[in-house]
Amino acid sequence: MKTTFSSPIPRERVGERAGVPFFDQSESFRRLWPEIEHNCVRVMDDGKFSHGAMVAEFERALEDFTGARHVVGVNSGTDALVLLLRAAGLRPGDEVIVPAYSFVATATAVVHAGGVPVFADIEEHGYGIDPDSVEAVVTERTRMVMPVHLFDRLADMDGVGRVARAHGLTVVEDSAEAIGMRANGVHAGLLGAGGALSFFPAKTLGAIGDAGALLTDDDTIAETARMMRHHGRSGHTLAAFPGISNPTVVTGGNSKMDDIQAAVLLAKLARLDADIEHRAVLSRRYDDRLRELPGVRAVPGDAPARPGEERVVYVHLVEVDDRDGLVAHLRAAGIDTEVYYPRPLHLQPCFSDLGYRPGDLPRAESVCGSAVALPLYADLTDDHVDRVCDEIEHFLTGRSR
């Protein structure tokens with residue numbers, strides 16, 4: 001007897017929520033429910049719920065989308081980073097240079113992989129790691145540099161690459177936010193030794209829980225990561241270990257992707273290009289409305305493009321003089337925002353033993369006091385964007401909506 005489901009999103013509830021949430025994908029799930037249901041039924045009928053056929057199918061589809069030689073599906077973007085660092089050769093005590101402006105997982109992944117994060121500042125006109133700041137913090141213990149592709153664009157990979165080559169460093173990418181971003185046709189995560197994608201629900205391609213993937217063109221990194229995600233087991237008998245079935249070759253953990261997540265992601269992947277274009281349209285609408293307002297210091301559309309860069313707007317970030325006042329005003333109007341990021345990584349309490357002080361990385365510290373992310377997702381409408389912009393204009397100028 002075949003498994004069946006009913007749609008979890010009643011039609012009469014779609015679009016009836018008050019205010020403008022920071023993220024909502026109920027309409028997407030309603031629209032995609034036939035495909036999601038079909039894939040979930042296949043998982044239920046197969047009876048393999050983790051690391052099964054649906055995960056393998058999603059990995060192949062993502063290889064086609066990104067052009068990666070290997071995609072390794074895992075249970076989160078954070079675990080993808082940890083496995084990438086370890087599989088790329090990080091040893092205990094090695095230093096990894098990371099930007100001070102990013103989500104904390106960028107740096108804690110280095111710690112979990114056995115390394116020591118070393119923080120660099122960000123570009124003067126952008127949010128990516130500054131290659132000159134990277135150069136300034138290289139030591140004899142530096143093994144890797146991990147740029148982060150943030151919000152709507154790639155890091156300066158040419159600049160980072162020049163520093164890495166000069167010092168013999170491995171480049172790995174925190175490309176958690178960067179699905180669909182490319183440089184001269186090469187997908188984010190494939191510009192160095194490998195990269196990590198996150199499928200946290202609010203991402204451009206989001207699951208219904210945590211999931212992630214490692215991208216690489218390196219056969220050894222891919223094979224090592226595949227073993228590490230499943231407790232270090234090889235999955236088959238190796239000639240080097242005669243008589244040992246399914247040997248544990250490296251130390252690993254339980255980082256496998258669940259097939260239900262793969263079922264949802266596979267259905268959503270088919271609409272990803274359309275969702276990316278819709279995000280771009282909404283972001284341009286924000287830009288047009290906000291660019292000339294007093295107190296708004298930056299909008300994504302004003303950042304100069306690098307040659308060959310293909311952007312994807314994951315988060316529409318603006319910098320505002322009175323950021324905290326604006327956040328409170330929008331909250332009172334029923335509009336949700338997110339602060340990316342409230343504190344730079346080098347000043348997080350968990351890294352206090354590394355000896356950083358306020359003022360060490362001034363550009364990252366400055367942005368943390370002014371940046372705010374506005375609602376942006378596939379189910380957002382022009383009317384939603386206009387409502388957000390009306391409230392921002394009212395707060396900044398006092399003009400009535």
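When I say buried, I mean under 20% relative accessible area, with exposed meaning over 50% and partly exposed in between, using a 1.4 Å probe and protein chains only. What we have here is a predicted model, in which local features need pLDDT of at least 70 and side-chain atom pairs count only at pLDDT 80 or more, while totals for chains, interfaces and linings use all residues. Residues are numbered from 1 along each chain as its sequence is written, and side-chain values use heavy atoms, leaving out hydrogens and water.

Of the 11 residues in α3, 8 are buried, namely Gly77, Ala80, Leu81, Val82, Leu83, Leu84, Leu85 and Ala87. After α3 comes Gly89, with a positive phi near 110 degrees.

Helix α3 (residues 77–87) packs against helix α4 (residues 105–112) at about 45 degrees, their axes being 9 Å apart, where axes are lines fitted to C-alpha atoms, for helices over the stretch in contact, and angles run from 0 to 180 degrees between N-to-C directions. On the α3 side, the contact (heavy atoms within 4.5 Å) is made by Thr78, Leu81, Val82 and Leu85, and on the α4 side by Ala105, Thr106, Ala109, Val110 and His112.

Turning to the sheet, 7 strands form an open, mixed arrangement in the order β1-β9-β8-β5-β4-β2-β3, pairing requiring at least two DSSP bridges between two strands. Because β1 (70–74) and β3 (116–120) stand at the edges with a single partner strand each, one side of each is left without a neighbour in the sheet.

Terms used: Helices (H or I, at least four residues) and strands (E, at least two) are DSSP runs, numbered from the N terminus.
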